[in-house]
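Subject: Structure for your review

Hello,

I am passing on the structure below, with notes on what was found in it. Please look it over before reading on.

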Amino acid sequence: MSDCCQGGMANEACAAACCALSELRVGEGGAVTAEAVAEADLAALRALGLGPKVSVVVRRRGSPCIVEVRRANGPACRIGMTKALARRVMVEPTVSASSLA
């Protein structure tokens with residue numbers, strides 16, 4: 001795994017708790033913890049509602065990777081991103097498929 005979820009501060013506890021968005025299965029989700037992406041990509045992800053502590057659920061794996069973005073203050077939406085970009089978005093898995101049905 002690349003740098004840990006906490007702003008690049010890798011440690012064993014974080015490594016055990018975090019994974020790349022691309023590693024989740026369809027129906028699995030979690031909370032975004034960090035993005036190791038270029039500034040332009042970061043701005044685009046933020047504009048689409050993807051940022052720290054935002055809940056996401058994988059709806060399609062591969063390229064494009066389709067994720068449902070669930071914000072506390074608004075309706076859910078789905079966004080697509082390349083698999084390469086999904087590999088750089090780190091999440092703490094927290095949401096099971098059954099809890100979102």
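The chain has four helices and six strands, where helices (H or I, at least four residues) and strands (E, at least two) are DSSP runs numbered from the N terminus. Along the sequence they follow the pattern α-β-β-α-β-β-β-α-β-α.

This is a predicted model, in which local features need pLDDT of at least 70 and side-chain atom pairs count only at pLDDT 80 or more, while totals for chains, interfaces and linings use all residues. Residues are numbered from 1 along each chain as its sequence is written, and side-chain values use heavy atoms, with hydrogens and water left out.

Overall picture

Of the 101 residues in the chain, 38% are buried; buried means under 20% relative accessible area, exposed over 50%, and partly exposed in between (1.4 Å probe, protein chains only). Among contacts (heavy atoms within 4.5 Å) between residues at least 6 apart in sequence, 58% join residues at least 24 apart.

The core

In soluble globular proteins, nonpolar side chains tend to be buried together. A nonpolar core here is a set of buried Ala, Val, Leu, Ile, Met, Phe, Trp, Tyr and Cys residues joined through side-chain atoms within 4.5 Å. The largest such core has 20 residues, of which Leu21, Leu50, Val67 and Met81 touch the most other members. Two or more residues each come from helix 2 (39–47), strand 3 (55–60), strand 4, strand 5 (77–81), helix 3 (83–86) and strand 6 (89–95). Strand 4 gives the largest share, three residues.

Val67 lies in strand 4 and is buried, with a relative accessible area of 0%. Leaving aside neighbours within four places in sequence, Val67 is in contact with Leu21, Val57, Val58, Arg59, Cys77, Arg78, Ile79 and Met81. Val67 and Arg78 are eleven residues apart in sequence, and their C-alpha atoms are 5.5 Å apart in space. With neighbours within four places again left out, the contacts of Met81 include Leu21, Leu45, Leu50 and Val67.

Glu68

Beyond four places in sequence, the residues in contact with Glu68 include Ser55, Val57, Cys77 and Arg78.

Backbone

Most residues other than glycine have a negative phi, and most peptide bonds are trans. Lys53 is not a glycine but has a positive phi of about 70°. Lys53 sits in the loop between helix 2 and strand 3 and counts as exposed, at 76% relative accessibility. A cis peptide bond, with omega about 10°, joins Ser63 and Pro64. Pro64 is in the loop between strand 3 and strand 4.

Regards
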